[in-house]
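Subject: Structure handover

Hello,

Here is the structure I said I would pass on. My notes on the interface and the cavities follow it.

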2 protein chains.
Amino acid sequence: MTSVPAYHHGNLRATLLAAAERSLRRDGAERLSLRDLAREAGVSHAAPRRHFPDRQALLDALAESGFARLDQELRAALAEAGEEFGPRLHATAVAYLRFATEDSALLELMFTRKHREGADRLVAAAAEPFGLMHGLIEQGQAQGVLEPGDPQRAGIVLFATLQGIATLVNGGLVAPELLDGIVETAVDQFIRGSRRR
Amino acid sequence: MTSVPAYHHGNLRATLLAAAERSLRRDGAERLSLRDLAREAGVSHAAPRRHFPDRQALLDALAESGFARLDQELRAALAEAGEEFGPRLHATAVAYLRFATEDSALLELMFTRKHREGADRLVAAAAEPFGLMHGLIEQGQAQGVLEPGDPQRAGIVLFATLQGIATLVNGGLVAPELLDGIVETAVDQFIRGSRRR
DNA sequence: AAACAAAGTAGGCAGTGGCAACAAAGATGT
DNA sequence: ACATCTTTGTTGCCACTGCCTACTTTGTTT
């Protein structure tokens, strides 16, 4: 059991973030309330302010850790995917879409520019999974599967495709049953579309 | 000049929607306030309720008309694009991304499932631009540019790619200057990826 | 002309985020 | 060891929001 210090909570910030993550999953960012989180943490309504100047700051922090987790999950998927480019790409796509559909509200928070101007930290956090895609493509080029050239554009297009698929599914515009087939098609098309001619 | 009837406003619904569109453009859905719109329309704070039972209902209506306008703009772009498949696809993509980047908050509203359960109208409205993509692909197949087969999957992937690009740009994760080049790459990749072998 | 439906008004309610002023607990310097 | 300073809480307030109910005005129907 966790002992609960009377006044100084000790890890309020972490507690709030955890509660926020749950709330986000359950009800979406829209309904997330600082006062609610405070109540859940057994703390006064103004306490969160010491750790997050702003509601938005809390949301930004969530998004940031989201990117970190996304990156982590993508790398884990890659680690199990062998050497060959095709399967590696496929594994990445599947992992991305699992993350994106299981945590749709978080995804929304991460990509939708709810983040205000000075969200450098967020953009920096986003750079990691981006770099991963980038590296994946370089690998495809090195293996001679993809045509050589600047991997950036292709990487962005790939990332965008996955992100777009997630949006359509999460938005209820595409039935989840179709997801696997669509991922298949997307990966296949991507490879054919940039393969060495 | 529009005469302003004293009590019965006559077109409050339309007035509110127009104001809402402006507000959405300027500040995003988050900050849109019914009471604000009412004030702007010179009407009491409870008046909007007669036309939209709910804040969400207003947002849904905005999204719905967004889909209609998107469809309209895509069709307009297609009408000017000649017969050949490549240029037609390109024109569609450009038109989509113009819409998506110029009205990013609206786009977010349209695709992000802020819409609640019974948003059949919305899904129906979304079906139109979807159908357009679908038709475009069928045409590509008919012209022998694309491989034959179920156009649905490819259509979804195409739509998703455009949508994803919009999300990345709108979210500030990809610099707007890159947009044109990315669209080029995406279109090119798509054609190569599903071209008749 | 009476009855009715539609569209607007007034006011109240609970809830929110943000702010300021104050209090407790811990850390720090002498 | 003690006084001081900083951090992290607390209480109470404000303006604002969406939603609800009850009432009023207008326009339409019979």
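Helices here are DSSP runs of at least four residues, numbered from the N terminus. In those terms, the second largest cavity takes at least two lining residues from each of H7 and H8 of chain A and H7 and helix H8 (179-194) of chain B. The model is a predicted one.

That cavity has a volume of about 170 Å³. Of its 17 lining residues, A:Val157, A:Thr161, B:Val157, B:Thr161 and B:Gln189 are the closest to the centre. H8(A) gives the largest share of the lining, five residues. By class, 13 of the lining residues are nonpolar, four are polar and none is charged.

The count is two cavities of 30 Å³ or more. The largest holds about 290 Å³ of space, and 22 residues line it, with A:Glu108, A:Thr112, A:Thr167, B:Thr112 and B:Thr167 closest to its centre. Its lining has six nonpolar, 12 polar and four charged residues, and the largest share of them, five residues, comes from H5(A).

On the interface: chain A and chain B bury about 3800 Å² between them, 59% of it on carbon and sulfur atoms. On the chain A side, A:Leu173, A:Gln189 and A:Arg192 lose the most area to chain B, together 18% of what that side buries. Each chain brings 43 residues to the contact.

Four salt bridges cross the interface. One of them joins A:Glu147 to B:Arg192, with the closest N and O atoms 3.2 Å apart. There are also 15 residue pairs in polar contact between the chains. H7(A) supplies 14 residues, the largest share of the side of chain A that touches chain B.

Regards

Note on methods: Residues numbered from 1 in each chain as written. Chains lettered and ligands numbered in written order. Predicted model: local features only at pLDDT ≥ 70, side-chain atom pairs only at ≥ 80, totals over all residues. Heavy atoms only, no water. Contact = heavy atoms within 4.5 Å. Buried area = accessible area lost by both parts, 1.4 Å probe. Salt bridge = Lys/Arg side-chain N within 4 Å of Asp/Glu carboxyl O. Polar contact = N/O pair within 3.5 Å; in protein donor to acceptor, adjacent residues only side chain to side chain. 1 Å grid on protein atoms, 1.4 Å probe; cavity = no way out; pocket = protein on both sides within 12 Å on 5 of 7 lines; lining within 4 Å. Points joined across faces, edges and corners; volume = space filled by probe spheres on them. Nonpolar A, V, L, I, M, F, W, Y, C, P; charged D, E, K, R; others polar.
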